[in-house]
Each structure stands twice: as C-alpha cells, then as structure tokens.
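Open the model in your viewer and keep the selection tool at hand. The stops below are meant to be taken in order.

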Amino acid sequence: LGHWLLAISFIVLALTGLNLLYGRQVLIPLLGPEFYAAIAYAGKLTHNYVAFAFMAGLVLIFVHWARHNIPHPRDLVWLAKGGGLFVKGVHPSSKKFNAGQKIVFWLVILGGVSISLSGLALMFPFQTAMFEKTFVFLNAFGFGLPSQVSAIEEMQYQSLWHAIMAVFLICV
C-alpha cells in the first residue's frame, strides 16, 4: 500500500508539477491560453491535494522499510562487485534490499521530506522561515548567506528549492 500510494501520487505530482513549471512555454502554443488555463487550474488543485497522499506514502514506506535499509558492511561488498552486473555468475549477498535499493530508498526519503516541507510552505505561504533559519545555521560554518530574508524572498527560495528537488526526484 505504501509503495503504490507513493508511486502513483509521485507520478501525478510529477506530471502536474511539470505542467505548472513548464506548461506555459510548452502547452500554451499547442493548446491555446484558455484551454491551458483550465488544465493548469485543475493541475494545481490536483497537485495540492495529492501531495498529502504522497506524504502519507512516504511515512508508510519509512515505517515499513527503514529498518531493512540501514547500511551494512555487506553493502560495500555488493557495491564493489557492482551487484554482480559485470561478472557472470556472481550475485553478492544483500538480504532484503541490496545497496543500490538502499541508496534509492534514502534518496527518496530525504528528497521526499525536503520536497514535502517546501511544498507545505508553498501551500501555506508566509507561515515559515525555513531558509532564513537554514542560512543562519550555515553561516556558522563560514557561508556568506543573507541572515535577513524577507517574506517574499522566503517564498521565492521555497519555490526554487521545491522545483530543484522535484527535478532531482524525477531523475532518481
């Protein structure tokens, strides 16, 4: 249930999100502005509501599979042998999930949490200051980031981060 809830909601979110991100440039010339407006509006509503299914799926797979995806020394052997991909007849031990699956799992969990937080911040605008707090934290390590971020800048950073994480997760 968790896997399919996450997978199906992710596909819907990817399609509606890409439409919102690139649809103006791609679809308006093909469909016209009126038809695109209807599609974009429906896509935005769908995107906002399906996001909660994605978050529920993320929690379900984390609770169900996190203990099986904790790195183990045998994962280094699996990686060193390329999962048996390059040598015929070699299939390294991996228990329930191999190292490649574990890497994808943690990328999905961390990326999913990140995109969920930025998405919630975009759904409820001007309620969070995630980037200002993050910049203050990073400045303790020598980064020269702005420590005072206006509400509009905060929303712009959240929107940019959401788009970056979306494209990253689509690539994963």
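A residue counts as buried when its relative accessible area is under 20%, as exposed when that area is over 50%, and as partly exposed in between. Keep in mind throughout that this is a predicted model.

**Stop 1: a salt bridge**

Select Asp75 and Lys102. Their side chains meet in a salt bridge, with 2.9 Å from N to O. Side chains of opposite charge can pair when their charged atoms come close. Are these two residues buried or exposed? Both Asp75 and Lys102 are buried. Asp75 belongs to helix α3, residues 73–80, and Lys102 to helix α4, so the bridge can be read by the definition of helices as joining two numbered runs. The two positions are 27 residues apart, and the pair links distant parts of the chain.

**Stop 2: the nonpolar core**

Now select Phe54, Ile61 and Phe105. They have the most contacts inside the largest nonpolar core, which holds 16 residues. To see where the core comes from, colour α1 (2–31), α2 (33–65), α4 (99–123) and α6 (151–171), the elements that each give two or more residues to it. Which of them gives the most? That is α2, with seven residues.

Stay on Ile61 and show what surrounds it. Apart from neighbours within four places in sequence, Ile61 is in contact with Gly2, His3, Leu6, Ala66, Phe105, Val108 and Ile109.

**Stop 3: aromatic rings**

Show the rings next. How many aromatic pairs does the structure hold? It holds eight. A pair of aromatic rings is described by the distance of the centres and the angle of the planes.

Select Trp65 and Phe97. They form an edge-to-face pair, 5.8 Å centre to centre, with 70° between the planes. Trp65 is in helix α2 and Phe97 in the loop between α3 and α4, 32 residues apart, and the pair links distant parts of the chain. Trp65 and Phe97 are both buried.

Move to Phe135 and Tyr157, another edge-to-face pair, with 5.2 Å between centres and 85° between planes. Phe135 lies in helix α5 (residues 130–139) and Tyr157 in helix α6, so this pair ties together parts 22 residues apart in sequence. Phe135 counts as buried because its relative accessibility is 9%, whereas Tyr157, at 29%, is partly exposed.

Finish with Phe62, Phe105 and Trp106, which ring pairs link into a cluster. Phe105 was also selected at the core.

**Stop 4: a patch on the surface**

Leu18 sits in helix α1 and is partly exposed, with a relative accessible area of 32%.

**Stop 5: two backbone angles**

Most residues other than glycine have a negative phi. Select Lys95, in the loop between α3 and α4. Its phi is positive, near 60°, and Lys95 is not a glycine. Lys95 counts as exposed because its relative accessibility is 66%. Then select Phe126, in the loop between α4 and α5. Phe126 also has a positive phi, of about 65°, although it is not a glycine.

Methods
Residues numbered from 1 in each chain as written. Predicted model: local features only at pLDDT ≥ 70, side-chain atom pairs only at ≥ 80, totals over all residues. Heavy atoms only, no water. Core = buried A, V, L, I, M, F, W, Y, C linked by side-chain atoms within 4.5 Å. Buried < 20%, exposed > 50% of the residue type's maximum accessible area, 1.4 Å probe, protein only. Helix = DSSP H or I, 4+ residues; strand = E, 2+ residues; numbered from the N terminus. Contact = heavy atoms within 4.5 Å. Salt bridge = Lys/Arg side-chain N within 4 Å of Asp/Glu carboxyl O. Phe/Tyr/Trp six-rings, centres within 6.5 Å; stacked < 30°, edge-to-face > 60°.
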